[in-house]
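Here is my note on the model, as numbered points. Please read them beside the coordinates.

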Number of protein chains: 4
Amino acid sequence: MTTHRFVPTAFFNTIGSHPPVLEIASGDTVIAETVDAHGFDRHGNKRGDRPNPMTGPFFVAGAEPGDTLQVKIDAIRMTRATGWTFDTLSPNVVDPGAVARFPERRKTGWVIDAQKGRAWLAEPPASLQNWSVAVEPMIGCFGVAPDVGQAISTATSGRYGGNMDYRGFCAGVDVMFPVSAPGALFFLGDVHAQQCDGEIVGTGIETAAEVTFTVKMIKNRKIGWPRGMTDTEIFTVGNSRPLDQALQHATTEMLDWLMEDYGLDEVAASHIMGQAVRYDVANVFNPAYSVACRIARSALTGLK
Amino acid sequence: MTTHRFVPTAFFNTIGSHPPVLEIASGDTVIAETVDAHGFDRHGNKRGDRPNPMTGPFFVAGAEPGDTLQVKIDAIRMTRATGWTFDTLSPNVVDPGAVARFPERRKTGWVIDAQKGRAWLAEPPASLQNWSVAVEPMIGCFGVAPDVGQAISTATSGRYGGNMDYRGFCAGVDVMFPVSAPGALFFLGDVHAQQCDGEIVGTGIETAAEVTFTVKMIKNRKIGWPRGMTDTEIFTVGNSRPLDQALQHATTEMLDWLMEDYGLDEVAASHIMGQAVRYDVANVFNPAYSVACRIARSALTGLK
Amino acid sequence: MTTHRFVPTAFFNTIGSHPPVLEIASGDTVIAETVDAHGFDRHGNKRGDRPNPMTGPFFVAGAEPGDTLQVKIDAIRMTRATGWTFDTLSPNVVDPGAVARFPERRKTGWVIDAQKGRAWLAEPPASLQNWSVAVEPMIGCFGVAPDVGQAISTATSGRYGGNMDYRGFCAGVDVMFPVSAPGALFFLGDVHAQQCDGEIVGTGIETAAEVTFTVKMIKNRKIGWPRGMTDTEIFTVGNSRPLDQALQHATTEMLDWLMEDYGLDEVAASHIMGQAVRYDVANVFNPAYSVACRIARSALTGLK
Amino acid sequence: MTTHRFVPTAFFNTIGSHPPVLEIASGDTVIAETVDAHGFDRHGNKRGDRPNPMTGPFFVAGAEPGDTLQVKIDAIRMTRATGWTFDTLSPNVVDPGAVARFPERRKTGWVIDAQKGRAWLAEPPASLQNWSVAVEPMIGCFGVAPDVGQAISTATSGRYGGNMDYRGFCAGVDVMFPVSAPGALFFLGDVHAQQCDGEIVGTGIETAAEVTFTVKMIKNRKIGWPRGMTDTEIFTVGNSRPLDQALQHATTEMLDWLMEDYGLDEVAASHIMGQAVRYDVANVFNPAYSVACRIARSALTGLK
């Protein structure tokens, strides 16, 4: 149950079977620094390249393909009082006929006040002079090495996690990833101070952070897609295009989870899901979109 | 400000320019009975045919194409202690390779206890013996006559509303529809006692009801898609396939709404939406899927 | 076996159960005039409104729901030496990021020389001064009244046919439609002098025409989607969004056809389709996209 | 202008920056053996693993990111008299409600007679006793190392090529790939003796082969997606899901090509494409679907 403090000196732009930066054990906690999506660190110095430079990989001793890696997000502490976003809705989230209404996309600065828990535009237009948003930090991109020895760009995502850009990946959540490589090889980065559903401007409020996480190895438990747990909910995440397919992946994974954990057949699980499921459109911007399928723990009351 | 009580004797399976059953005025309230999606009334008698037999149309005096019809859902009172659902996830919401795992779809009975606010399966499998769900009634299918003189099946939906099957259409919500025909011609029906996001078993808990609603005509206000308002949120609904396009419609409609009501340009509206938007997958079952784009009123604080 | 000559005086913008303009018998031939997609006739006079004003409906004596109406396109004769197109790729067929590269869409005139079989831009830019296209006339929009008493805009399409904008619907083809209303109620219009796959500028070369067709009623033959036959091929057409679903409809309809006509089971039909199927993207512009699934008659050699 | 003969001893299951097996020069020809999609060679011996084991990579001296690699497919000679396919339509290409009609997918043997140019099922059902198909060999999976140092599974495809499964990649075609890594790093494999549009049973007739190809380096020519040329056509290929997006990629790439090579602006290119484009659904089975956008050289007559 060691706590490691890790400050990266190099960053990967793919999630794959790269040489580990640290070996850790199941139960260990790591406090790791992350740079923003364009590679800028806590001091605003450029340390990595686009897309989404990753801290890691962390080698979890004993993890093997067919296991599950559970990662508890203990804390996400922003380390910079500035962030940035793009300033227009992404062309793919509006009607094709409305795309030409937008000016060319620009990068825009934000001020982040972690104490007050608010963020605002550094140079707001007149109409937004008195407007600000809550700070609710989340991890944009994290996951484990994918199968078949692949190394996949951190712009996208898959069964292994990746750039899911889901605001549900915040402090307090237990996230599970399917292990496909020895040591699991866990990467993380791309913290957002805030983000809507869908990441529809193509970014959250991108910033540098220090993430505290605790890993737990679950031997011989095979899952198909990332899963999450909070005190009040369980959820699954499917990553693909279009949204319809991401939703199919998340729904099928939830079906499997309910059947495994509650001894249900397909019909019983359908009854529960048919009245209780909630969906989040996590991101509808990246090459693979992400959809979360959630169920409140209260909706599972009365099951064995 | 008359209150009308309306008990239908015939039902339409299309939403279109049919002869009105009642003429009402802006400000009037109607208490109207609805039958369930397969046409069964409060006594369990078959009174209409599939799909989704509609009560109405109600002619709103003075409404013209280019206006908006606002319908406040005052109350949804279920009039039957029974409902029904389908018992398997719809083939289109799971991975294509998982479809064959499900038995053939059957219609399943539910007991609805409106007093207790709970519903449960009439003949539950052993695993669901102690399981029940909250009752949260909503309107599955409602809207106004579409444009070009169309009459469109109540199985589907469009700009005019229709079978959106969105659990957000519950008591207390103000819904707005774009008027395309003289008198607007408002139809409603297909009440559900409960339904998940996505209507992923192809039904909510289908039942008969008595819906109280109040209409308000907004002259010369042209909207593109259904909009809704609650005390805490505003939302838009896009109806289409795939989900990606339904989301584009809802997002573009929200963009327009924010620009109209808050004097924003595309960039300012993008900043707000990019941090504040929430999406609901209303239905992912009908010929047209429905996606809602929501913004909390609190996220609009500080705007003019 | 009568031959009727029909000159329309009014036009419908929906395909539905409208009063017939002419009753015909199975085996009859009709020579009918059609106006262009914006309602302009052979003389360039505006006679109908957008979208796609239809000639018809023709009532086929004895046709009932559950039958199939076979329509042989005997000839398509263009009656005007001019046509028009839009002049930019539709925003939905290019990468969202490329949409803003195009100027605003304009209507552009063409000269059609039916004798020479060529068409060219009336006012070409310098780069297209010596460029012309072949004339290959086709019917953009035709079909029979849909089910449930619907009346559906001629902008879109469905199982009943409609605005499929498929260049395969040309002279010499036998087209089959599923009958859903007494008399079938056949409509036609929207002839194009030429059109690419996909109708990616949103139009073919739109013009007025005189279409000669012969109807044949096939009693008690129920089909699911439009089918076609030429001397060398059979094909099915699925209409929906996205392309993936239109393709699923067309593929499933072809599966059923092969099984019905050749006594095959699903596996045998899969073997044939898996090596022989061709797909056409008929239109990727209208509210419902259209995909054709074709099989060469030569690929069916050796079957019973 | 050397001709190399290459017999692989090991195979890659990802396309990425792996150590080259052979360095070649622009203008060189290579005769390379390939094994089938499951790794079986000309003798039926298992030599590689799923998915699609690749021969290569070939390092093209001097090729750098920003260049284009042109690969002429000189010949595809099948080296085995047997092949195999799956025996059911893939669940994602039929209506979701039709999926359960199919039995479980099995691998089925074929006899290939290259002399006669025909192939037939090794153990045909009675209904297919006299049925055979033409042999038209094509390359299922080939391409160059992708950008960002990625190594991507040969199950899928992207801008770099990959598992496009397009029957248009046959002998006589010049294919162009965008170079993203020094030496381009060209891989190939997965030859099919025959395949329909869409690869709708999930395979072509999978077999081993000897492929002869000639490489040509085009310096400082940057393309976005694979392109192809035959004597009669030019084409582009977009790889993505859903089909709509693959089509957008292919269409935008064709737009760029016409503008570059013929000095056209967007409007002039739209006029040509709007009357002349043909689309092929290359594959609608793999994680990324592939769509080809073709234009006949005859449709470009009269341009500069």
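1. Copies are superposed by least squares on the C-alpha atoms of residues with pLDDT of at least 70 in both. Laid on chain D in this way, chain A needs a turn of 180 degrees and a shift of 0.0 Å along the axis, and the RMSD is 0.0 Å. That is the relation of a two-fold axis. In chain A, the C-alpha of A:A151 is the one nearest the axis, at 2.4 Å.

2. The model is predicted: local features need pLDDT of at least 70, side-chain atom pairs count only at pLDDT 80 or more, and totals for chains, interfaces and linings use all residues. Residues are numbered from 1 along each chain as its sequence is written, while chains are lettered from A and ligands numbered from 1 in the order in which they are written.

3. Two residues are in contact if their C-beta atoms, placed from the backbone, lie within 7 Å. Of the interface residues of chain A, 100% are also interface residues in chain D, so the copies meet through the same surface.

4. Chain A has 2 helices and 22 strands (DSSP runs numbered from the N terminus, H or I of at least four residues for helices and E of at least two for strands). Its radius of gyration is 19 Å, close to the 19 Å that the globule rule gives for 304 residues, so chain A is as compact as a globular protein of that length. The radius is taken over C-alpha atoms, and the rule is 2.2 Å times the number of residues to the power 0.38. Along the principal axes, the C-alpha atoms of chain A fill a box of roughly 55 × 45 × 35 Å.

5. Of the 304 residues of chain A, 60% count as buried (20 or more other C-beta atoms within 10 Å of the residue's own, with C-beta atoms placed from the backbone; 12 or fewer is exposed, and in between is partly exposed). Among contacts in chain A with a separation of 6 or more, 73% come from residues 24 or more positions apart.

6. The domain assignment, automatic or from a database, gives chain A domain 1 (3-81 + 135-218) and domain 2 (227-300). The contact between them takes 20 residues from domain 1 and 18 residues from domain 2. On the domain 1 side, β13 (157-158) and β15 (174-178) of chain A are the elements that give two or more residues, and β15(A) gives the most, with 3 residues.

7. Which elements of chain B give two or more residues to the side that touches chain A? The contact takes 55 residues from chain B and 54 residues from chain A, and the elements in question are α1 (243-262), α2 (266-276) and β21 (278-283) of chain B. The residues on this side of chain B divide into 29 nonpolar, 18 polar and 8 charged (Ala, Val, Leu, Ile, Met, Phe, Trp, Tyr, Cys and Pro count as nonpolar, Asp, Glu, Lys and Arg as charged, and the others, Gly among them, as polar).

8. In α2(B), 9 of the 11 residues are buried, so α2(B) is largely enclosed by the rest of the structure. Among the buried residues are B:H271, B:I272 and B:M273. Their cover includes β7 (82-86), β9 (118-121) and β10 (133-134) of chain A, together with α1 and β22 (289-296) of chain B.

9. A:R80 lies in the loop between β6 (68-78) and β7 of chain A. A:R80 is buried, with 20 other C-beta atoms within 10 Å. Leaving aside residues up to four places away in sequence, A:R80 touches A:R42, A:G44, A:T207 and A:A208.
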